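Hi,

Here is the structure you asked about. My notes follow below it.

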Amino acid sequence: MLIANSSKISRQEVENFKRDGVICLKNVVDDYWVERMRKAVDRNLLNSNGVRGRKLKTGDVVHDYGLWLKDNDFRDLVFKSPLARVAAQIMESETINFLCDGFFVKKAKADSHVGWHNDLPYWPVKGWKCCKIWLALDPVNQENGRLEYIKGSHLWNKDLRENSNVSWFSEPSYSDILYWDMEPGDALVHHFQTIHHSIGNTTYKSRRAIVTNWTGDDVVYDPSPQTWPFQPIEEIGISEFNSLDTLRSGESIDCEIFPKIDLTPSPSPTSRGEQNPNFLKFPHRL
Ligand SMILES: O=C(O)CCC(=O)C(=O)O
């Protein structure tokens, strides 16, 4: 694993991401962000600001998305943490747009798996430079619901929705699977086409994680009926979603709901995790 906040992401890590479709980075965010985001997730579990809001599942895997639109902690994570620059470096992209955030909490003794799938079929986009950053807020291991990836499956060029039961897919053999034990602040970065699942939490503690989804230079808008936001924008009632009306298929996704991120460093970086000084060299050529 790479120490993302003490060294620039290396050429080797970028190559590993290209080859395997996933990498695990150590210490992508510091304790400041871990503590802040744990509180934010716990608060949202009680009374969510997300798009699904009160309709949150009460079962053992709790998921909501679109928190950044109403919650300052989630918003700052998107615009002020190192995550966007990690995405830019891993995907070798000059520009980065943010698609959406979310959280996944596998509650204590949540034995259910999240089934094998990849992410691209759920998003109204087309292009190669698309990734998710899955940020651990608790230690993650085999006992409490770690993610597992089929190595290199992003190169298969196949869409797999959860529970879709397609004939070409069968349970992978153990030797094809990649997984990592993680600490809070570590992150998985996976390509939108990499097939993955998560296993059950057999422990007595919740496993909390935040996901952020990012796109790069070559990505264009490509809506279809079963893609995000999964419901008519009038029903969501959040003004930023109206910007989807301005997008045309095949054009840049740049709009209020998919904002472009300013990757230049803030003029006044602080030690409170707002800017990681190790990324001040960005943009760079690897
Ligand atoms: O956090 C989890 O358990 C599952 C996350 C996942 O599969 C995803 O974000 O695509």
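Just after helix α4, E92 takes a positive phi of about 50 degrees. Helix α4 itself spans residues 83-91 and is mostly covered, with nine of its nine residues buried. Buried means that 20 or more other C-beta atoms lie within 10 Å of the residue's own; exposed means 12 or fewer, partly exposed is in between, and C-beta atoms are placed from the backbone. Among the buried residues of α4 are L83, R85, Q89 and M91. Helices (H or I, at least four residues) and strands (E, at least two) are DSSP runs, numbered from the N terminus.

Two points on provenance. This is a predicted model: local features need pLDDT of at least 70, side-chain atom pairs count only at pLDDT 80 or more, and totals for chains, interfaces and linings use all residues. Residues are numbered from 1 along each chain as its sequence is written.

Overall, the protein has five helices and 13 strands. Of its 286 residues, 42% are buried. Take the contacts between residues at least 6 apart in sequence: 82% of them join residues at least 24 apart. A contact means that two C-beta atoms, placed from the backbone, lie within 7 Å.

Next, strand β4. Ten of its ten residues are buried, so β4 is largely enclosed by the rest of the structure. Strand β3 (residues 61-65) runs antiparallel to β4, and five bridges join them. Y65 has G102 in β4 as its bridge partner. β4 also pairs with β12, again antiparallel, over nine bridges. There, N97 is bridged to T215 in β12. Two strands pair if DSSP finds at least two bridges between them.

Now the ligand. The residues around it are F104, K106, V114, D119, K132, W134, G145, H196, S198, A209 and V211. Elements giving two or more residues to this shell are β4 (97-106), β7 (130-136), β11 (196-198) and β12 (207-215). By class, the shell has five nonpolar, three polar and three charged residues. Nonpolar covers Ala, Val, Leu, Ile, Met, Phe, Trp, Tyr, Cys and Pro; charged covers Asp, Glu, Lys and Arg; the others, Gly among them, are polar.

Last, N144. Where does N144 sit? N144 lies in the loop between β7 and β8 (147-150). N144 counts as buried because it has 21 C-beta neighbours inside 10 Å. Leaving aside neighbours within four places in sequence, N144 contacts K106, N201, T203, K205 and R207.

Best wishes

Notes. Near = placed C-beta within 6 Å.
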